[in-house]
Amino acid sequence: MKNQIRYGKLKYVSFILLDLIALIGANVLAAHIYLDPNYKRYDFQDYSSIILYMAAIDLLVTTVFNTLDRVYRRSVRKEVIASGKHIVISFVLLAVVLFTTKAGADYSRVTVYLAYAFYFVFLVALHLCWKYLLKACSGKHDRPTALLMTTDRFVDEGLEELNKLNIDVRNIYLLKNLNKDAVNGIPTVRTWEEAAAVICWKWIDKVYIYGLDHQMVPGFLIKACKDMKLNFDLVDFNYRVIDVTTIQNEDPKYGALSFLEGKRDIPFPIRRVYWITETEADLHRGFHAHKLNCQLLYCPYGKIDIILDDGQQKTTVTLDKPGKGLILMPGLWREMVWQQSGSVLCVLASEYYDAQEYIRNYDEFIEYNKKYREGADSLKQTEKGFHS
Ligand code: TYD
């Protein structure tokens with residue numbers, strides 16, 4: 001991972017150096033071709049101090065306004081816009097500096113205008129050529145390189161899922177919450193920003209976002225993928241049975257302690273917690289699906305069957321110990337059957353209570369799911385169309 005970042009930084013610095021070369025070249029050309037009204041050609045030496053101002057402003061604009069943002073991946077249009085922005089800001093700053101220091105009195109304004117015009121052309125052309133060269137040198141990958149983003153809890157399942165897609169796991173990077181450099185020998189990234197940097201600087205064919213609530217995927221990352229014409233896939237799931245860490249004391253009189261940690265264990269933000277108590281055996285509850293709400297269910301005491309229905313098939317998960325949890329994504333019809341009186345059902349939910357967000361009619365659920373599936377498929381189609 002560290003190497004990736006270093007590699008990325010090296011490329012970034014190469015673009016900064018390229019910009020400085022372009023700036024000097026543009027000034028040399030401007031000084032060379034501009035003749036004043038007396039047909040006198042300015043000596044390039046006359047401009048050396050102004051070029052120093054320009055170079056200092058250039059570095060400032062690059063760092064403060066981040067004008068080299070995703071330079072390696074951005075399209076020609078984005079390149080032109082970013083370079084244009086860079087030139088305009090630099091020009092305005094230079095004008096302010098020259099005006100306030102009166103340092104510009106001895107210089108020909110036309111030469112400065114010309115220098116910036118050439119600089120703009122050089123900047124775009126050199127960036128495009130340099131990117132082409134870098135990409136050509138990095139060569140074609142015989143295996144796809146992908147970035148897998150997932151939470152700690154789903155790392156192994158995510159890898160397993162991707163293996164089914166015949167993706168070389170050695171080239172997959174993970175977004176993790178744990179402070180580890182590698183998982184299963186695969187380097188990790190820990191923040192969205194780092195993930196975006198890896199996408200930028202390393203050749204990534206596809207981004208897989210696995211098992212995360214879509215709302216947790218920041219818009220800027222999705223936008224970055226789109227901007228970079230990068231294919232991304234939400235490798236989604238309907239439900240997952242998870243192990244809840246449980247500490248059993250050697251002396252049974254101390255009982256057992258189970259815990260769940262936000263983000264690490266729960267792939268959605270928790271906005272609501274509720275529990276169902278004072279129950280009788282054979283109680284049936286539920287009979288609804290959610291449009292938005294993600295949930296984590298667990299039963300700290302007793303035994304409860306959770307019958308899940310995705311509109312096509314049914315599954316039953318039995319929650320019968322505090323160390324077992326069930327994550328449910330939206331779009332699942334559920335029925336809860338109490339197998340033992342007094343069993344307690346606890347629920348962590350991603351949404352505040354909102355009756356509108358429930359589907360309580362089964363036919364409506366089937367209709368909704370059909371539409372959702374079609375919508376999801378067509379969304380994927382659109383993404384594929386966009387990226388191909
Ligand atoms: P309901 O969702 O019908 O329970 P279940 O599906 O498990 O049988 O909820 C019963 C009542 O409780 C219903 O009137 C709505 C209310 N309620 C809240 O006000 N806030 C909540 O967070 C929940 C879960 C329910």
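**Aromatic pairs and an open sheet in a predicted model**

Modeller: Tyr 116 and Tyr 119 both belong to helix H4, which covers residues 109-138, and they sit three residues apart, about one turn of the helix. The model is predicted.

Colleague: What makes Tyr 116 buried?

Modeller: Its relative accessible area is 4%, and buried means under 20%. Tyr 116 is therefore buried.

Colleague: Why does Tyr 119 count as buried?

Modeller: Tyr 119 has 0% relative accessibility. The cut-off is under 20%, so Tyr 119 counts as buried as well.

Colleague: How many aromatic pairs are there in the whole structure?

Modeller: A search of the whole structure gives eight aromatic pairs.

Colleague: Why is the pair of Tyr 116 and Tyr 119 called tilted?

Modeller: The ring centres of Tyr 116 and Tyr 119 are 6.4 Å apart, and rings pair if their centres lie within 6.5 Å. Their planes stand at 45°. Planes under 30 degrees apart count as stacked and over 60 as edge-to-face, so this pair is tilted.

Colleague: Which residues do ring pairs link into a cluster with these two?

Modeller: The cluster linked by ring pairs consists of Phe 91, Tyr 113, Tyr 116 and Tyr 119. Within H4, Tyr 116 and Tyr 119 are about one turn apart.

Colleague: What makes the pair of Phe 118 and Phe 122 stacked?

Modeller: The centres of the Phe 118 and Phe 122 rings are 6.4 Å apart, with planes at 20°. Stacked requires planes under 30 degrees apart, so the pair of Phe 118 and Phe 122 is stacked. These residues are four apart in helix H4, about one helical turn.

Colleague: Why is Phe 122 called partly exposed?

Modeller: The relative accessible area of Phe 122 is 26%. Buried means under 20% and exposed over 50%, with partly exposed in between. Phe 122 is therefore partly exposed.

Colleague: Now the sheet. In what order do its five strands come?

Modeller: The order is S14-S13-S16-S11-S18, in an open sheet with antiparallel pairing.

Colleague: What puts S14 and S18 at the edges?

Modeller: Strand S14 (314-319) and strand S18 (358-359) each have a single partner strand, so one side of each is left without a neighbour in the sheet.

Colleague: How do you know that S11 and S18 pair?

Modeller: Strand S11, residues 284-290, is joined to S18 by two bridges in the antiparallel sense. Pairing needs at least two bridges, and S11 and S18 have two. His 290 has Tyr 358 in S18 as its bridge partner.

Colleague: Which strands does S13 pair with, and over how many bridges?

Modeller: S13 pairs with S14 over six bridges, antiparallel. Six bridges also join S13 to strand S16, residues 333-338, again antiparallel. On the S14 side, Asp 305 is bridged to Thr 318; in S16, Trp 338 stands opposite Ile 304. The hairpin of S13 and S14 has four residues between the strands, and there Gly 311 takes a positive phi near 95°.

Colleague: Is S13 mostly covered or mostly open?

Modeller: Strand S13 (residues 304-309) is mostly covered, with six of its six residues buried. Ile 304, Ile 306 and Leu 308 point one way, whereas Asp 305, Ile 307 and Asp 309 point the other way.

Colleague: Where is confidence lowest, and where is it highest?

Modeller: The lowest confidence is in helix H8 (residues 362-387), with a mean of 58, and the highest is in strand S10 (residues 272-276), at 98. For the chain, the mean pLDDT is 81, and 84% of residues reach 70 or more.

Technical notes. Residues are numbered from 1 along each chain as its sequence is written. This is a predicted model: local features need pLDDT of at least 70, side-chain atom pairs count only at pLDDT 80 or more; totals for chains, interfaces and linings use all residues. Side-chain values use heavy atoms; hydrogens and water are left out. Buried means under 20% relative accessible area, exposed over 50%, partly exposed in between (1.4 Å probe, protein chains only). Rings of Phe, Tyr and Trp (its six-membered ring) pair if their centres lie within 6.5 Å; planes under 30 degrees apart count as stacked, over 60 as edge-to-face and the rest as tilted. pLDDT is the predictor's confidence in each residue, from 0 to 100.
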